[in-house]
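Work through the following exercises with the model at hand, and check each step of the solutions against the coordinates.

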Amino acid sequence: MLTKRFFKTKNEAEITFEFSHPEAKKVELVAEFNDWQPLNMRFNKKEQRFKLKHRLPTDKKFHFRYLINGNQWDNDNCADGYAANGFGSENSIVDTQRLA
């Protein structure tokens, strides 16, 4: 799940990435906005989901995926879109366009 918060005085958006998986011990966000380097997501016990907040420039689209337990890939089922990648699967897309 993606939650977006836009700032009035900055051209950036705070995106909250949230993901849950029944067998996940560790989830990492892997995205083009940080050169596909895994970012460790924190587990929220109360909500039973992994979360990560990241600020991104507005009016852009970024590809990302979740890496579960270091060996299983998954997409965000609430992403803004999906696009084929070079590995025979799809990437999730987050769109930071500010809606009027």
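Buried means under 20% relative accessible area, exposed over 50% and partly exposed in between, with a 1.4 Å probe and protein chains only. The model is predicted, so local features need pLDDT of at least 70, side-chain atom pairs count only at pLDDT 80 or more, and totals for chains, interfaces and linings use all residues. Residues are numbered from 1 along each chain as its sequence is written, and side-chain values use heavy atoms, with hydrogens and water left out.

**Exercise 1.** Classify Phe62 and Phe33 by burial.

Solution. Phe62 has 9% relative accessibility and therefore counts as buried. Phe33, with a relative accessible area of 19%, is buried as well.

**Exercise 2.** Determine the geometry of the pair formed by Phe17 and Phe64.

Solution. Rings of Phe, Tyr and Trp (its six-membered ring) pair if their centres lie within 6.5 Å, and planes under 30 degrees apart count as stacked, over 60 as edge-to-face and the rest as tilted. The whole structure holds six aromatic pairs. In the pair of Phe17 and Phe64 the ring centres are 5.1 Å apart and the planes stand at 70°, so the arrangement is edge-to-face. Phe17 and Phe64 lie 47 residues apart, and the pair links distant parts of the chain.

Methods. Helix = DSSP H or I, 4+ residues; strand = E, 2+ residues; numbered from the N terminus.
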